[in-house]
Amino acid sequence: MILAVPKETFPGERRVALVPGVVPQLLKAGFEVVVQAGAGLGAGFADADYEAKGARMEPDRAALFAGADVLLMVRTPGANPGPGRDDIALLRPGQVLVGLADPTTDPAVAQAVAATGAALFAMELIPRISRAQSMDALSSMATLAGYKAVLLAADHLPKMFPMLMTAAGTVAPARVFVVGVGVAGLMAIAQARRLGAVVEAYDVRPAVREQVQSLGAKFVEMELDAGESEDKGGYAKAMGEEFYRRQRELMARVVAASDVVITTAAVPGRKAPVLVTAEMVRAMQPGSVVVDLAAATGGNCELTRPDQTVTDHGVTILGPTNAASDLAVDGSRMYAKNVTALLLNMSADGRVDIHKDDEIVAGTCVTRDGAVVHPLVLERLAPAGA
């Protein structure tokens, strides 16, 4: 089977789905690897690097799609509004498309892919089980986003992170508050601590307290009835508006005392909850910084604007939506290992089996045999009240 890697077309996307280092592993597994010319340049991988590892280069995108049995992408059409829709017309029955697909946000795109007869596998839907850890692209990209968020905050904050004893006096450490302690939040905590900041963190899931404390940060206690705050996959569940209102009231004091607030709270397939209001931002000291990693799904801060820098009452609010792309070299390497692990799990002797009786295959398959098959996507497609 031919594995094809198209060049990403999403504006500003620098990552590539496969890096030269994983090509020999795929060749050994019986696949032929074809890469669109220039696909890796944004991440620092030249065409010659791929050719040296045994891949073949194809300059024409349409020809690449036409000859491919399996297409490996960072952003499939569902995660690439606009330019990605043009790729749907290039798909054909029997092809397999693997990549980030955002299928629950715009399920109509999944329907359009299904109509072509292609099988779509969404990397966001990798089950949170031990056997699938090497395939967990969301965790890989969240690690990069959490790291980048701290660097963005440090770059915009008009003071240093660490405490310093100098001849000119003592420099107080920056105070960082991380909201949402998933993978991105944990990385943000660790990186802020490395830079010497005093770090506090909060999550609706009380079970993460020990993880926060193990990184040297303080877990902020709030007397709230979180109830069932975590789903089977370990992600935070959406709570009621009354819960979020009470949560904002309790958080206001911590936000006001912080130099940096990093928010990472996202609920898969839903708009991000607003946790930091405009009033809370205006209670912060001028020069403070908010980095909102949930900007792509609406933002945890009321003042966030996706991919824009907003200044309000002297506070800077940043809303990066694709932080992993800014770290394209490691982002591509990590993603390539994730997607390769998934591909090898669902194949044998160079053939991909989309009907394999396997929890991971079933959990990531969005379309197959001309139909949408994933329950979460079907639920979003169902008419209201059905």
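**Exercise 1. Which residue lies over the face of F10, and at what distance from the ring centre?**

This is a predicted model in which local features need pLDDT of at least 70 and side-chain atom pairs count only at pLDDT 80 or more, while totals for chains, interfaces and linings use all residues. Residues are numbered from 1 along each chain as its sequence is written, and side-chain values use heavy atoms, with hydrogens and water left out.

Step 1. Apply the criterion: NZ of Lys or CZ of Arg must be within 6 Å of the ring centre and within 35 degrees of the ring normal.
Step 2. R75 is the residue over the face of F10, at 3.9 Å from the ring centre.

**Exercise 2. Find the aromatic pair and classify its geometry.**

Step 1. Rings of Phe, Tyr and Trp (its six-membered ring) pair if their centres lie within 6.5 Å; planes under 30 degrees apart count as stacked, over 60 as edge-to-face and the rest as tilted.
Step 2. Searching the whole structure gives one aromatic pair.
Step 3. The ring centres of Y202 and F219 are 6.3 Å apart and the planes stand at 35°, so the pair is tilted.
Step 4. Y202 belongs to strand β10 (residues 198-202) and F219 to strand β11 (residues 218-219), 17 residues apart. Helices (H or I, at least four residues) and strands (E, at least two) are DSSP runs, numbered from the N terminus.
Step 5. For accessibility, buried means under 20% relative accessible area, exposed over 50%, and partly exposed in between (1.4 Å probe, protein chains only). Y202 is buried because its relative accessible area is 5%, and F219 is buried because its value is 7%.

**Exercise 3. Describe the nonpolar cores and the surroundings of L72.**

Step 1. A nonpolar core is a set of buried Ala, Val, Leu, Ile, Met, Phe, Trp, Tyr and Cys residues joined through side-chain atoms within 4.5 Å.
Step 2. The largest core has 50 residues, and L18, V70, L72, V98, F121, Y335 and V352 have the most contacts inside it. Helix α11 (residues 328-345) supplies the largest share of this core, seven residues.
Step 3. A second, separate core has 31 residues, including L152, V176, V178 and L186.
Step 4. Contact means heavy atoms within 4.5 Å. Not counting residues up to four places away in sequence, L72 touches several residues, among them L3, P6, L18, V98 and L343.

**Exercise 4. State how helices α6 and α7 cross and which residues meet.**

Step 1. Axes are lines fitted to C-alpha atoms, for helices over the stretch in contact, and angles run from 0 to 180 degrees between N-to-C directions.
Step 2. The axes of α6 (residues 137-156) and α7 (residues 183-194) come within 7 Å and cross at roughly 40°.
Step 3. Residues of α6 including A142, G146 and V150 meet residues of α7 including A184, M187 and A188.

**Exercise 5. Is T263 buried or exposed, and which residues is T263 in contact with?**

Step 1. T263 is in strand β12 (residues 260-263).
Step 2. T263 is buried, since its relative accessible area is 0%.
Step 3. Leaving aside neighbours within four places in sequence, T263 is in contact with V179, V276, V291, D292, L293, A294 and N300.

**Exercise 6. Locate D102 and D307 and give the phi and accessibility of each.**

Step 1. D102, a residue other than glycine, has a positive phi near 45°. D102 is in the loop between β5 (96-100) and α5 (107-115), and is partly exposed at 31% relative accessible area.
Step 2. D307, also not a glycine, has a positive phi of about 60°. D307 is in the loop between β13 (289-292) and β14 (309-312), and counts as exposed at 56% relative accessibility.
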